[in-house]
Amino acid sequence: MSEKTNSVRHDYLRHDKKFPHVWCPGCGNGIVLGSLIRAIDKLGLGKDELVLASGIGCSGRMPVYVDFNTLHTTHGRALTFATGIKLAKPALTVITVMGDGDATAIGGNHFIHAARRNIDLTAIIINNQIYGMTGGQYSPTTPYGSFASTAAWGNIEHAFPIAELAVTAGASFVARGTVYHAAMLDGLLARGIAKKGFSVIEVMSNCHTQYGRRNQMNDPVTMMRHFKEKAVSVDRAAKMSAEEMNDRFTIGVLADVDKPNYMEEYQKIRERAQQH
Amino acid sequence: MSENLKYGEPDKGSCQDSSTGKTADDGSPQMTEQTKEKVSKCFTQIIFYDWCKACGICIAFCPQQVFSRNEQGKPVVAQSDKCVGCGFCEIHCPDFAITIAERQPEPERQQGNS
């Protein structure tokens, strides 16, 4: 790619080795990656101050493409590895990127306990409502009644609202965005990374290859229009009735609270113990 | 941008697409002072075809229909002068294949295709 206009991307991407990436045409993961890079650039963080850890799944490929300290871990365990990194090197900014199955099914316990512990990490959860990489099996976030390869007659289970779950579990900063609202997502990611304490950013993303294909939305444009229609800002959602909000979801900042985080508390314990 | 640019008089300072010969004010007959100012800003669309996977997001969502589709389904810059520089295609391109940059009208005009 020519021109210095791409310098932001060139600074942070392994553009000379790994591109084009492996994701499907139109995959939301690329949009989230772009948003993450812009957010990091906005915060002025250096490449050596950052760690990007991921689990398994399509989203797990993300650390491959960025030029930070990166870690590709086992399924669902991105947060546990990230906790270890943060405790060993508290000065680093640790970001994890997970898929919906990775975070809420296989790593569900790690996710709620990281939120409860309020450790200073940022968890980006890319919610494409299905297990995309393994062949379209339904995941904990597949909406009720929609179709998947293991739910050929419609899903009879109900979906996890990931952001609301994180609020209840005790995360300091919780936000939800979509890949359509990418400019808004930049701001949400920047706020989440800057926040001291556990921050969760759920990103509604499109998997037209596995989810959309079985649910009458088999191209990225249709899926992005779907997100545009179904997303409701937090302020507007407060004025809407439960029936109106039935198949919609809120976007924006759902929780932003200041409370003691694990790293500060742990430091205090160390200081107290050393005085004795 | 050149301030002495007059509406309807394309000169060096105006945003003109060299491939079609159309001027920036084509098809928009009633222009206010404000829109004139906006149109007089020129943008260039750089598409990196090696990374493009022809998903069609940029073509579908462009508010000014700047792009058209080629036989591979990839975008080609059809109406470069209509671009308002909103950046939607740039931030929504999953493959990092589009860059929108403000163009200086005086130097050489760069075509969108590489």
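A residue counts as buried if 20 or more other C-beta atoms lie within 10 Å of its own, as exposed if 12 or fewer do, and as partly exposed in between, with C-beta atoms placed from the backbone. Keep that in mind as we walk through this predicted model, in which local features need pLDDT of at least 70, side-chain atom pairs count only at pLDDT 80 or more, and totals for chains, interfaces and linings use all residues. Residues are numbered from 1 along each chain as its sequence is written, while chains are lettered from A and ligands numbered from 1 in the order in which they are written.

Let's start with the sheet of chain A. Its elements get their names from DSSP runs: helices (H or I, at least four residues) and strands (E, at least two) are numbered from the N terminus. Two strands pair if DSSP finds at least two bridges between them. In general, strands of a sheet pair through backbone hydrogen bonds, either parallel or antiparallel. Here, 8 strands of chain A form an open sheet in the order E2-E1-E3-E4-E6-E5-E8-E7, with mixed pairing. At the edges you'll find E2 and strand E7 (231-233) of chain A, each pairing on one side only. Neighbouring strands of this sheet are turned by 20° against each other on average, direction ignored. For such angles, axes are lines fitted to C-alpha atoms (for helices, over the stretch in contact), and angles run from 0 to 180 degrees between N-to-C directions.

Now zoom in on one strand of that sheet, E1 of chain A, residues 50-54. 5 of the 5 residues of E1(A) are buried. What does E1(A) pair with? E1(A) runs parallel to strand E3 (residues 93-99) of chain A over 5 bridges, and Val51(A) has Val94(A) as its bridge partner in E3(A). E1(A) also pairs in the parallel sense with strand E2 (residues 69-72) of chain A, over 4 bridges. There, Ser54(A) has His72(A) as its bridge partner in E2(A). Lying across E1, E2, E3 and E4 of chain A is helix H4 (residues 78-88), which runs at about 175° to E3(A).

In helix H7 (residues 162-169), the buried residues are Ile162(A), Ala163(A), Leu165(A) and Ala166(A). Why are they on the same side of H7(A)? Because they cover an arc of only 160° around the axis, where the arc is that of the directions from the helix axis to the C-beta atoms. Contact between two residues has its own cut-off: their C-beta atoms, placed from the backbone, lie within 7 Å. The buried residues of H7(A) pack against several elements of chain A, including helix H5 (100-106), helix H6 (108-117) and strand E8 (249-256).

The expected span of a helix is 1.5 Å times one less than its number of residues. The 13 residues of H8(A) should therefore span 18 Å, and its end C-alpha atoms are 18 Å apart, which agrees. Among the buried residues of H8(A) are Leu185(A), Leu188(A) and Leu189(A). The buried residues of H8(A) pack against H2, E3, E4, E5 and E6 of chain A together with helix H3 (88-92) of chain B. Arg191(A) is also in H8(A), but with 18 C-beta neighbours inside 10 Å it counts as partly exposed.

That brings us to where the chains meet. 21 residues of chain A are in contact with 17 residues of chain B. Helix H2 (28-43), H8 and helix H9 (220-230) of chain A each supply at least two residues of the side of chain A that touches chain B. The largest share of that side, 4 residues, comes from H2(A).

Most residues other than glycine have a negative phi, and most peptide bonds are trans. The bond from Phe19(A) to Pro20(A), though, is cis, with omega near 0°. In chain B, Ala54(B) has a positive phi near 60°, and with 16 C-beta neighbours inside 10 Å it counts as partly exposed. Phe96(B) has a positive phi too, about 55°, but Phe96(B) is buried, with 25 other C-beta atoms within 10 Å.
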